[in-house]
Amino acid sequence: MPLTNFMLCKGFCYKEEISPEKYCSKSKKYPCEPGKYYYGRGLLQSITWNEYYGAAGKHLGLPLLKDPDLVARSPEVAFKFAMWFWNRNVRPALYLGFGEITKRVDGRECSNWRRDGPNSKVKQYIEFCKMLGVTPDQGLDCF
């Protein structure tokens with residue numbers, strides 16, 4: 001089965017959250033800049049809050065706390081931001097399976113977890129595995 005634009009676009013078509021929120025928490029280490037909001041941008045739009053933007057910016061040597069929109073404006077920065085998050089939060093759990101990976105990317109996904117629903121992440125994962133000719137892992141649930 002060939003990958004269609006629809007399949008590739010699912011969740012990967014936007015530079016910013018469709019319905020952004022402020023996502024600013026009190027932090028002495030990474031205080032919010034006035035008028036700046038730390039909603040999801042770039043490849044992994046589940047990366048929200050000033051703490052992530054501040055920590056990623058510090059690690060990458062980028063002013064992400066002062067200019068969070070840089071993630072949406074620059075594909076290179078978006079990729080670096082996503083890879084920083086992936087390596088820090090997701091990669092250590094790869095051996096735990098798809099469900100745990102999904103929880104670490106965006107724990108909100110697990111609150112509506114359904115294997116049989118029309119937008120089931122598990123169903124999509126299994127379909128992509130079939131297309132790629134690989135066997136899905138056993139850790140499909142994220143409870």
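Predicted model: local features only at pLDDT ≥ 70, side-chain atom pairs only at ≥ 80, totals over all residues.

Now to the loop between α1, residues 5-9, and α2, residues 50-60, where Ser-27 is found.

Let us begin with Tyr-23. Its relative accessibility is 11%, and therefore Tyr-23 counts as buried. The backbone is worth a look here: the phi of Tyr-23 is near 45 degrees, a positive value in a residue that is not glycine. Most residues other than glycine have a negative phi.

Trp-49 also has a positive phi, about 85 degrees, although Trp-49 is not a glycine. With a relative accessible area of 36%, Trp-49 is partly exposed.

Ser-27 has a relative accessibility of 19%, so it counts as buried, given that the cut-off is under 20%. The side chain of Ser-27 reaches the backbone nitrogen of Lys-29 at 3.4 Å. Leaving out residues up to four places away in sequence, Ser-27 touches Asn-50 and Glu-51.

Next, the packing. The largest nonpolar core has 22 residues, and those that touch the most other members are Leu-44, Tyr-53, Leu-64, Val-71, Phe-81 and Phe-85. The elements that give two or more residues to this core are α2, α3 (70-73), α4 and α5 (98-105). Helix α4 provides the largest share, 7 residues.

Apart from neighbours within four places in sequence, Phe-85 is in contact with Leu-44, Ile-47, Tyr-52, Val-90, Arg-104 and Val-105. Another core, of 5 residues, lies apart from the largest one, and its members include Phe-98, Val-122, Tyr-125 and Leu-140.

Finally, back to Met-83, which lies in helix α4, residues 75-90. Together with Leu-43 and Phe-79, Met-83 makes a nonpolar surface patch of about 270 Å².

Methods. Residues numbered from 1 in each chain as written. Heavy atoms only, no water. Helix = DSSP H or I, 4+ residues; strand = E, 2+ residues; numbered from the N terminus. Buried < 20%, exposed > 50% of the residue type's maximum accessible area, 1.4 Å probe, protein only. Polar contact = N/O pair within 3.5 Å; in protein donor to acceptor, adjacent residues only side chain to side chain. Contact = heavy atoms within 4.5 Å. Patch = residues over 30% accessible without salt bridge, like charges linked within 9 Å, V, L, I, M, F, W, Y side chains within 5 Å. Areas by Shrake-Rupley, 256 points an atom, 1.4 Å probe, with all protein chains shown as cover. Salt bridge = Lys/Arg side-chain N within 4 Å of Asp/Glu carboxyl O. Core = buried A, V, L, I, M, F, W, Y, C linked by side-chain atoms within 4.5 Å.
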